[in-house]
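Welcome, and please load the model in your viewer. We will go from one selection to the next, with a short note on what you will find at each stop.

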Amino acid sequence: MRILTGLFILCLAMTLPDPAKGQGFSISPARIFLTGNPGETVSQTVTFGNTSAGVLSFVTRIQDWNRDSLGTKVYYDSNTLPLSNASWLTLSSNNVAVQPGENKQVNVSMTIPANADKLTTSMLFFTQVKEQGAQQKSVAKVGINVLMEVGIQVYYVPRGLNPGELEFLSFDDRGVYDNGKAKSRRLALKIHNKGNLNKDAFIRFELTNKETGEEIKIKPEVLAMLPDATQWVMVDLPTDLKGKFLAVALLDAGSSYDLKVAEKEIIYRP
């Protein structure tokens, strides 16, 4: 079952491993990687920091997740996806109250099943809530307002997995694209993760006029991919150029992987 979050929730499930920060608070890490042998219980702590003037209260839940063809996270009920580890997790506390000026830790433990041999993942949510009970003593049930929600990706990574490589599958010119607000010349890159590990990468772009040598700056894209996943990355170019251009995409997954290069000739007709 796919779960959609409401517009009143700010989700900070980070793509890269930086701590999640808001006004007056921080939660780290943004991702947890646990490694161990089948049958073992391994753990890591999540640290909350409160620099605000009030108490911060959080409740927890665990969901399954993956990414769609454009890399957007999609959430599901826990224990519904084949590579879920939601049922393996326990927390030292399911309700967290952090006093002003306090740093507090919650222990996340994973009991690894006997047959665990693949990378698995789940999303651990900490939802900040504000209790309304003090102002509504006549109401039997305490009301809850959701203020902010932070999602932490939790991975189990068995030893010895094949890291594989990222590869370009195609580099397409989609022509003029109109999103209703502005038009652009859209390129589409199809990328596959051949390995058994999740990967982060940057895609840097170079657009060069083949006749004049002029270089047009294009914003780099951040890519995060689960094992054996295929994703499209859309690149929007200006529409007011003229002549023949060479578009070059550089796929950089870090020093442990080979740099991949894809090229496409783009013709702007008068």
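Start by selecting β17 (221-225) and β18: each of these strands supplies at least two residues of the lining of the second largest pocket. Strands here (E, at least two residues) and helices (H or I, at least four) are DSSP runs, numbered from the N terminus. A pocket, on a 1 Å grid over the protein atoms alone, is an open set of points with protein on both sides within 12 Å along at least five of seven lines, while a cavity is a set of points where a 1.4 Å probe fits but cannot get out; lining residues have an atom within 4 Å of a point.

Before going further, note that this is a predicted model, in which local features need pLDDT of at least 70 and side-chain atom pairs count only at pLDDT 80 or more, while totals for chains, interfaces and linings use all residues. Residues are numbered from 1 along each chain as its sequence is written, and side-chain values use heavy atoms, with hydrogens and water left out.

**The second largest pocket**

This pocket has a volume of about 170 Å³. Now show Leu70, Gly71, Val222, Leu223 and Gln231, which are the closest to its centre among the twelve lining residues. Colour the lining by class and you get seven nonpolar, three polar and two charged residues. In this scheme Ala, Val, Leu, Ile, Met, Phe, Trp, Tyr, Cys and Pro count as nonpolar, Asp, Glu, Lys and Arg as charged, and the others, Gly among them, as polar. The domain bounds come from an automatic or database domain assignment.

**The largest pocket**

Next, move to the largest pocket, with about 260 Å³ of space. Volumes on this tour are the space filled by probe spheres set on the grid points, which are joined across faces, edges and corners. Select Trp65, Asn66, Leu83, Leu226 and Pro227, the closest to the centre of the largest pocket out of 16 lining residues. Two elements give two or more residues to this lining, β6 (56-67) and β18 (230-237), and β6 has the largest share, with three. By class, the lining holds eight nonpolar, six polar and two charged residues. The largest pocket, too, lies between domain 1 and domain 2, because both give residues to its lining.

The largest cavity holds about 50 Å³. Its lining includes Arg31, Trp65, Gln153, Asp200 and Met225. β6, β12, β15 and β17 each give two or more residues to that lining. Five of the lining residues are nonpolar, two polar and four charged. Domain 1 and domain 2 each contribute at least three residues to the lining of the largest cavity.

For the second largest cavity, about 40 Å³ in volume, select Leu187, Phe205, Glu206, Leu207, Ile218, Val235, Leu237, Ala247 and Val248. Strand β15 provides the largest share of this lining, three residues. The class count here is eight nonpolar, no polar and one charged.

Side chains of opposite charge can pair when their charged atoms come close. With a salt bridge defined as a side-chain nitrogen of Lys or Arg within 4 Å of a carboxyl oxygen of Asp or Glu, the count comes to seven.

- Pick Glu149 and Arg61, whose closest N and O atoms are 2.5 Å apart. Glu149 is in strand β12 (residues 144-156) and Arg61 in strand β6, 88 residues apart. Glu149 is buried (under 20% relative accessible area; exposed is over 50%, partly exposed in between, with a 1.4 Å probe and protein chains only), at 1%, whereas Arg61 is partly exposed at 29%.
- Pick Glu165 and Lys260, which meet at 3.0 Å, N to O. Glu165 sits in the loop between β12 and β13 (166-178) and Lys260 in strand β20 (residues 260-268), so the pair ties together parts 95 residues apart in sequence.
- Finish with Asp252 and Arg204, at 3.3 Å between the closest N and O atoms. Asp252 is in strand β19 (residues 243-252) and Arg204 in strand β15 (residues 199-209), so this pair ties together parts 48 residues apart in sequence.
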